[in-house]
Amino acid sequence: MGGTFAVMTIEVLMVVAALALLLSIVASKVSARLGIPALLLFLALGMLAGSDGPGQIYFDDARLSQAIGVVALSYILFYGGLGTRIDTIRPVMVSGIIVSTLGVLITAGVVALAAQGWLGFTLLEGLLIGGIVASTDAAAVFSVLRARGSQLKPRVNALLELESGSNDPMAVFLTLGAIQLLTIPEQSAVDLLPFFVQQMGIGALLGYAAGRLLPLFINRIQLEYDGLYPVLTLMSVLIIYGATTLVGGNGFLAVYLAGVLLGNRDFLHKNSLTQFHDGIAWLMQIAMFLTLGLLVFPSQLLPVAASGLLLSAVLIFAARPLAVFISLAFANFTFREKLLISWVGLRGAAPIVLATFPLLAQVEKANAIFNLVFFIVLTSVLLQGTTLQRVARWLGVTSPLVKEPGFPLMYVPGSDMRGQLIEMVVPPYCAVEGRQIVELDLPNETLIVLIGRDRTYLTPRGSTIIQPGDRLLMLSSPEALEQTKSIINGDYLREATP
């Protein structure tokens, strides 16, 4: 790093960094209105601030960029895990894991063959490029659809949610493996099999252990100051990633899995901590994209434009569809759903971060590979990101997005409390429709706390009549939960009614 940064005072750096973040926040609002991924505007701001843009900030520190990217991806994956509901992804668990492993491998292989056959790279160099660009960024997809008032069908949405959080580890393995083969000629591809087992095995084991221990630790530590709980979770993410990587595991897999297990458990300040990590994830995205935008020199993208367009076409129209259709050959998805999943191969920050690994390893053609990957990401975002909503609607795999207001109530169970706060929507034509609460025969361990109706809230009484579409906020014990769900859905009362 040098140039302008070297002569900036700390005050100037603070102002420049704050302004860049503020502009990025405004850009996210613009992206929502235009229906394009915010990452595109974040990258554009970084490029404009760089030495080839009006900002004239010279920045070429690949090591710092990689460090920022790794930390940012760790927090983004952890938050992605926090928001992943196991009940939602369970029906597509096997399919999602196959797409995020076999699908990534197939994608990398097809890109490798194209790079070797048409662009003059060796097969290993092509595999390096393929591994780098094989992971997807589905988070940007959801933001585009929701900004335009639609969402994917639940099963497709669940598959992409699982894939986006679990495909980075495979891409990291392929990238590091290809670098090892390029820098250590005496090593063979067979030698990578133990490396793969070690990476995934240790990553999964430590991630599972951390996900089980972290909620227990949060509930029992009893900190004197509530403000220290966010600090605790922030440091936990760094420890999970760092410790897993130090012992030879995949840190990205560990933090994602830990986030999933933590998010599906009750722990102190769960709602506030989840919202806190939502903000951290956004901050990390902005910081990472701005840094990566600064790192690239737009003038160096022009020489790779033709090669970049060719590989982008192979990736979008051949590699990704082939990977999806092979991976989901025996899955219960329709042809149209598979087509959409193929189109939702949006590339994001992970490929650009992974492209810094060859730079630091001093792999031959590393600069050309980095610029090529950056061009592919830009092409993917511009083409797939801006057309996703239209393609999804054309294929008929969207459903209306219902934006429901959150209940103005927060419940955080302590370590000695066994009650669960659940929300259920009363379905139409069910047996509880038109009945008073006192007539529902709910278990003694279940209490209706609040009713949401037409964007208003009602205090429930025994005489309150249940209507279809009511959102019931209920406090229930684990033993009474299944019976409560059965009653609200109508099964229990239908069976009891002659």
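Q: Before anything else, what does "buried" mean here?
A: A residue is buried when its relative accessible area is under 20%. This is a predicted model, and of the 498 residues of its chain, 50% count as buried.

Q: How many helices and strands are there in the chain?
A: The chain has 21 helices and 6 strands.

Q: What share of the contacts joins residues 24 or more positions apart?
A: Among contacts in the chain with a separation of 6 or more, 79% are between residues 24 or more positions apart.

Q: Which residues of the largest nonpolar core touch the most other members?
A: Those residues are Leu43, Ile129, Ile132, Ile218, Leu311 and Phe374, in a core of 90 residues. Helix α19, residues 366-395, gives the most to this core, contributing 11 residues.

Q: What is Phe374 in contact with?
A: Neighbours within four places in sequence aside, Phe374 contacts Leu43, Met47, Leu292, Val296, Leu301 and Ile352.

Q: And what lies apart from that core?
A: Another core, of 21 residues, lies apart from it; Leu159, Leu340, Leu388 and Val397 are among its members.

Q: Switching to helix pairs, where do α16 and α19 stand relative to each other?
A: The axes of α16 (residues 335-343) and α19 come within 10 Å, and they cross at roughly 170°. Angles over 145 degrees count as roughly antiparallel, so α16 is roughly antiparallel to α19.

Q: Which residues make that contact?
A: From α16 come Arg336, Leu339, Leu340, Ser342 and Trp343. The α19 side consists of Leu383, Gln384, Thr387, Leu388, Val391, Ala392, Trp394 and Leu395. By class, the contact of α16 with α19 has 9 nonpolar, 3 polar and 1 charged residues.

Q: What about α6 and α7, at what angle do they cross?
A: Helix α6 (residues 93-119) and helix α7 (residues 123-132) have axes that cross at roughly 135° and come within 7 Å. That angle makes α6 oblique to α7. The crossing in which α6 passes α7 is right-handed.

Q: Which residues meet there?
A: In α6 they are Ala108, Val111, Ala112, Leu113, Ala115 and Gln116. Their partners in α7 are Leu123, Gly126, Leu127, Ile129, Gly130 and Gly131. The contact of α6 with α7 has 8 nonpolar and 4 polar residues, with no charged residues.

Q: New topic: where is Ser312, and is it buried or exposed?
A: Ser312 sits in helix α15, residues 305-327. Ser312 is buried, because its relative accessible area is 2%. Apart from neighbours within four places in sequence, Ser312 is in contact with Ile376 and Thr379.

Q: Which helix holds Pro169?
A: Pro169 is in helix α10, residues 168-183. With a relative accessibility of 1%, Pro169 counts as buried.

Q: What does Pro169 touch?
A: Not counting residues up to four places away in sequence, Pro169 touches Met200, Asn250, Phe252 and Leu253. Pro169 and Phe252 are 83 residues apart in sequence, while their C-alpha atoms are 6.0 Å apart in space.

Q: And Pro215, where is that?
A: Pro215 belongs to helix α11, residues 192-221. Pro215 is buried, with a relative accessible area of 1%. Beyond residues up to four places away in sequence, Pro215 touches Ala210, Leu262, Arg265, Asp266 and Phe267. Pro215 and Leu261 are 46 residues apart in sequence and 8.9 Å apart in space, C-alpha to C-alpha.

Methods:
Residues are numbered from 1 along each chain as its sequence is written. This is a predicted model: local features need pLDDT of at least 70, side-chain atom pairs count only at pLDDT 80 or more; totals for chains, interfaces and linings use all residues. Side-chain values use heavy atoms; hydrogens and water are left out. A nonpolar core is a set of buried Ala, Val, Leu, Ile, Met, Phe, Trp, Tyr and Cys residues joined through side-chain atoms within 4.5 Å. Buried means under 20% relative accessible area, exposed over 50%, partly exposed in between (1.4 Å probe, protein chains only). Helices (H or I, at least four residues) and strands (E, at least two) are DSSP runs, numbered from the N terminus. Contact means heavy atoms within 4.5 Å. Axes are lines fitted to C-alpha atoms, for helices over the stretch in contact, and angles run from 0 to 180 degrees between N-to-C directions. Angles under 35 degrees count as roughly parallel, over 145 as roughly antiparallel, 65 to 115 as roughly perpendicular and the rest as oblique. A crossing is left-handed if the near helix is turned anticlockwise from the far one by less than a right angle, and right-handed if clockwise. Ala, Val, Leu, Ile, Met, Phe, Trp, Tyr, Cys and Pro count as nonpolar, Asp, Glu, Lys and Arg as charged, and the others, Gly among them, as polar.
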